[in-house]
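Here is a short note to read alongside the structure.

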Amino acid sequence: APVCLECLAPLSLGHVATCPRCSVPLCDTCAACPELPLHAAECDLIRDAGVSLNIGDNLDQSHLLYAAVTPLRMWRTKEMDPVTWEKINFLQEESPEVQTEAGQTIWREVAKFINETLGITDLTLEEIIRLAGIKAVNACSLSQCSIEGAALYPLYPLINSYCYCNTMYIIHPDTKVMEVRAQRNIRRAE
């Protein structure tokens, strides 16, 4: 369902505005901000492709753009933030063999949208599936911030063991900064 591509809040009637650069729907609070650091990853790609996403009053209508945002944001770190790109690529990914046929179908549709509609030809289906696999294994739910969605904190999976969950975290709702604490005391030099 449509969400603000900056704060990830669900869009609600009477509070929908558009990005001044690419015209995608945003919440009215974020649309008033001069800088949109999260949405910046896909904003110029959408604008340059001339894609229009007019949801009108139908806030339940899904659009393939929303499924494309995560792989696009991950892929854009390659040029926008090479250090983060290296961290992302260090993470374990889900094997394409364990993905369902329905899951692979959606990624084929996302790849077609990215390649044909947005005109981005150097982001392949294989890379989209790989990035989706990294997200599937490593992303953290934002539900504690009252947001449906997930965020990738590339350092967190490296310090938490899923065999024995050795950390706990909170994500601060306003900043989305993750605070991680060990589940037990750690002795010096351990």
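This is a predicted model: local features need pLDDT of at least 70, side-chain atom pairs count only at pLDDT 80 or more; totals for chains, interfaces and linings use all residues.

1. Let us begin with a general idea. Two packed helices are described by the angle between their axes and by the distance between those axes.

2. Find helix H2 (residues 40-49) and then H3. Their axes come within 8 Å and cross at roughly 105°. An angle from 65 to 115 degrees counts as roughly perpendicular, and H2 and H3 are therefore roughly perpendicular to each other.

3. Which residues of H2 meet H3? They are Ala 40, Ala 41, Glu 42, Asp 44, Leu 45 and Ile 46. On the H3 side, the partners are Leu 65, Val 69, Leu 72, Arg 73, Trp 75, Arg 76 and Met 80. This contact of H2 with H3 is made up of 9 nonpolar and 4 charged residues, with no polar ones.

4. Now look at what is buried in H2: Ala 41, Glu 42, Cys 43, Leu 45 and Ile 46. The buried residues of H2 pack against H3.

5. Next, follow H3 (residues 64-80) to helix H4 (residues 82-90). Here the axes come within 6 Å, with a crossing angle of roughly 130°. H3 and H4 are therefore oblique to each other, and H3 passes H4 in a left-handed crossing.

6. Where do H3 and H4 touch? Met 74, Trp 75, Thr 77, Lys 78, Glu 79 and Met 80 of H3 meet Pro 82, Thr 84, Trp 85 and Ile 88 of H4. By type, the contact of H3 with H4 has 6 nonpolar, 2 polar and 2 charged residues.

How values were computed
Residues are numbered from 1 along each chain as its sequence is written. Side-chain values use heavy atoms; hydrogens and water are left out. Axes are lines fitted to C-alpha atoms, for helices over the stretch in contact, and angles run from 0 to 180 degrees between N-to-C directions. Helices (H or I, at least four residues) and strands (E, at least two) are DSSP runs, numbered from the N terminus. Angles under 35 degrees count as roughly parallel, over 145 as roughly antiparallel, 65 to 115 as roughly perpendicular and the rest as oblique. A crossing is left-handed if the near helix is turned anticlockwise from the far one by less than a right angle, and right-handed if clockwise. Contact means heavy atoms within 4.5 Å. Ala, Val, Leu, Ile, Met, Phe, Trp, Tyr, Cys and Pro count as nonpolar, Asp, Glu, Lys and Arg as charged, and the others, Gly among them, as polar. Buried means under 20% relative accessible area, exposed over 50%, partly exposed in between (1.4 Å probe, protein chains only).
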